[in-house]
Amino acid sequence: MSELTGQDLTCIRGERPVFARLNFAWTAGTACQLTGPNGAGKSSLLRVLAGLIQPAAGSLSWHGTPIDEDREAHRARVSYCGHQEALKSALTVREGLQFWADLGGLPNRVDAALEGFELTGLADTPARILSSGQKRRVALARLIVESRPIWLLDEPTVGLDKASQERLEHLIAAHRAEGGIVAAATHVPIALPDAKNLDMADFAPGRLRGQAA
Amino acid sequence: MTGVFLTILKRDLLLTIRQSTDVALVMAFFVVAAALFPFGVGPGPETLGRIAPGIVWVLALLAVMLSLDRLFQQDWEDGALELITLTPAPLPILVLGKAAAHWIGTGLPLIALAPLLGIMLNLTETAYPILIAGLALGTPSLSLIGAVGAALTLGARRAGLLMALLVLPLYIPVLIFGVTAVDAAVAGFSVRPHFLYLGAILLASLALAPLAAAAAIRNAVE
Amino acid sequence: MHRFANPARFMRVAERLLPWFLGLGGILLLAGLYQGLIASPADYQQHETVRIMYLHVPAAILAQGFYFGMALGSASFLIWKHPLGDLMARAMAPVGAALCFICLVTGAIWGKPTWGTYWVWDARLTSMLILLFLYFGYMALANAFDDPSRGHKPAALLAVVGVVNIPVIKFSVYFFNTLHQKSTLFAEGGPSMDPDMLLALMLMLGALGFLATAMAIIRLRGEMTVVKLRAARHGLNRHDDATQDVKHEETTR
């Protein structure tokens with residue numbers, strides 16, 4: 001039984017169709033890598049999966065139930081990491097993570113999250129003096145405090161050093177072993193064993209496909 | 001429900017305290033703008049005293065409006081707002097928490113400074129308690145109605161100016177009842193109806209503004 | 001193009017009605033002008049200036065009615081996600097604002113000989129002024145987004161927020177000032193007006209109503225053309241056929 005399925009998903013942004021008739025079925029433990037040229041709709045698809053964008057057509061279901069029937073439940077299932085880190089320069093790393101933990105995660109997982117991305121030493125540092133790679137690590141640490149089954153990662157490795165990327169790969173593997181689902185859009189090769197691949201170019205609406213060819 | 005309300009309230013208050021210059025700037029505007037009126041209408045104590053409640057209220061409106069960008073703009077720019085909409089908590093409750101933090105960071109200091117403006121503008125002594133009470137009852141509505149304007153203009157060009165155009169007409173009822181309450185007290189009439197209307201506006205804003213603002217935010221993060 | 005099917009049908013009906021509205025509006029306007037300027041008597045108190053009312057009062061009624069119509073269209077757009085309601089609201093806004101402006105200008109012209117000043121902060125004039133501000137706010141917000149499709153929902157929400165606030169604003173403004181004469185058209189126990197004057201008022205109300213609606217239809221036609229053009233430019237028209245063949249299953253790497 002597949003957990004997360006998308007049927008005939010079509011997305012229109014600013015009256016421009018981005019992708020059309022996209023289908024997938026992901027079971028527990030699936031990792032899926034989204035590939036395709038810039039503008040092919042990788043980010044848009046992740047935002048559709050998160051529930052931020054309503055698809056223009058098609059449906060998204062969890063265990064066969066359309067997510068539109070209970071959007072709050074769907075929000076409790078997804079962790080979304082976009083391009084922006086959403087860090088408050090005036091708050092410390094710990095305060096920032098604690099906020100997300102209190103708002104819909106597990107309040108007691110903050111220390112584990114700090115450890116998971118080797119941020120313990122930076123816990124009381126204001127986010128404004130972090131380097132861009134450190135900011136990215138804090139943003140990814142939110143995945144641990146939220147501990148939700150579906151991870152949607154938009155270019156998660158940008159700015160990460162080798163060690164941090166390995167930690168992320170390790171974390172993704174552990175998440176999948178527990179039955180979690182990961183969808184990641186990335187240009188950088190990232191180790192996702194047995195990952196599915198969704199080439200966005202296959203779902204480009206006619207016009208866009210013509211351009212890409 | 002109260003849990004997430006308090007969580008977001010606490011976080012926004014912490015940010016307000018850490019960035020307290022923002023509050024200080026708005027309060028400085030409140031006082032400096034009031035100091036212009038004696039130059040504009042003449043320093044005659046009687047003239048000033050008669051228009052003092054109106055000046056304090058109008059400046060309070062403008063000060064609240066100037067601080068509205070703090071409500072969602074920063075969270076929208078750094079991506080936190082979309083993550084907030086992705087938490088399982090009901091968005092109107094979170095909006096309510098943010099509006100409450102905005103009021104504590106703007107409305108309360110305005111109320112604390114209002115007596116100073118009263119002295120500067122020769123406000124009648126009997127008017128002070130009514131002015132303060134009216135501000136206490138009216139400024140939360142300003143934060144709530146302002147939240148709708150701030151949410152609607154997210155992503156718009158010239159959002160600040162646009163917000164003024166949207167929000168100021170909606171502030172007029174609060175201004176009217178706030179000022180007429182003081183006038184009534186000075187003239188020796190009952191202030192009860194004025195305060196009841198202010199209270200009714202507050203209750204309606206509490207119920208409706210978070211819903212409208214939440215709908216606007218969902219559109220803005222799409 | 002299922003998205004525009006219904007609006008297209010609506011437009012067909014509207015297009016057929018348009019000449020009738022223009023014609024009826026024109027005839028009623030001529031009749032109203034004759035009745036208002038020549039056939040009806042001058043007021044014993046306001047003398048000839050009362051004739052300004054035949055433009056002022058219909059404009060006021062229609063300006064409020066148009067805002068209400070905008071809010072209805074916007075609400076239907078928010079509830080049923082149907083673009084027609086939003087397009088109607090957008091088409092109506094400038095027409096309503098113009099009516100509001102006419103009402104204010106004629107009010108000022110009437111006020112000079114009657115009150116001795118162009119502007120008085122009387123309750124009804126003030127609430128019309130605030131209504132004009134609400135129109136301005138709507139039009140500004142509807143056009144404030146670089147991506148035009150982003151502005152639909154905020155503008156629609158604002159129209160609904162505005163209509164919820166109008167009674168509160170009106171009440172507070174009346175509370176503030178009740179200097180103006182009581183409304184005579186809708187006074188209890190029927191209108192207390194000279195029948196000749198009432199006839200002029202009704203003719204002008206009909207004329208302005210038909211003409212303003214005709215203008216809104218013409219504007220709606222423009223709004224819909226813009227939407228269709230934008231859709232065509234982005235290849236939306238073709239995407240249904242073009243994507244027929246790209247139904248791929250994902251591949252496992």
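**Helices and contacts in a predicted model**

Me: How many of the 29 residues of α8(B) are buried?

Reply: Helices are DSSP runs of H or I with at least four residues, strands are E runs of at least two, and both are numbered from the N terminus. A residue is buried under 20% relative accessible area, exposed over 50% and partly exposed in between (1.4 Å probe, protein chains only). α8(B) is mostly covered, and its number of buried residues is 21.

Me: What pLDDT do local features need in this predicted model?

Reply: Residues are numbered from 1 along each chain as its sequence is written, while chains are lettered from A and ligands numbered from 1 in the order in which they are written. Side-chain values use heavy atoms, leaving out hydrogens and water; totals for chains, interfaces and linings use all residues, side-chain atom pairs count only at pLDDT 80 or more, and local features need pLDDT of at least 70.

Me: At which residue does α8(B) have a kink?

Reply: A bend is the angle between axes fitted to the seven residues ending at a residue and the seven starting there. In α8(B) the kink is about 35 degrees and comes shortly before B:Pro173, at B:Tyr171.

Me: Which residue follows α8(B)?

Reply: Helix α8 of chain B spans residues 159-187. The residue that follows α8(B) has a positive phi, near 90 degrees, and is B:Gly188.

Me: Why is B:Glu82 classed as buried rather than exposed?

Reply: B:Glu82 belongs to helix α5 (residues 80-85) of chain B. Contact means heavy atoms within 4.5 Å, and residues that B:Glu82 touches include A:Arg47 and A:Tyr80. B:Glu82 is buried because its relative accessible area is 12%.

Me: How are α4(B) and α6(B) oriented to each other?

Reply: Axes are lines fitted to C-alpha atoms, for helices over the stretch in contact, with angles from 0 to 180 degrees between N-to-C directions. The axes of α4(B) and α6(B) come within 9 Å and cross at roughly 125 degrees. Angles under 35 degrees count as roughly parallel, over 145 as roughly antiparallel, 65 to 115 as roughly perpendicular and the rest as oblique. Therefore α4(B) and α6(B) are oblique.

Me: What is the relative accessible area of A:Gly58?

Reply: A:Gly58 sits in strand β4 (residues 57-62) of chain A. Beyond its neighbours within four places in sequence, A:Gly58 is in contact with A:Gln7, A:Asp8 and A:Leu9. A:Gly58 is partly exposed because its relative accessible area is 41%.

Notes:
Expected span 1.5 Å × (residues − 1).
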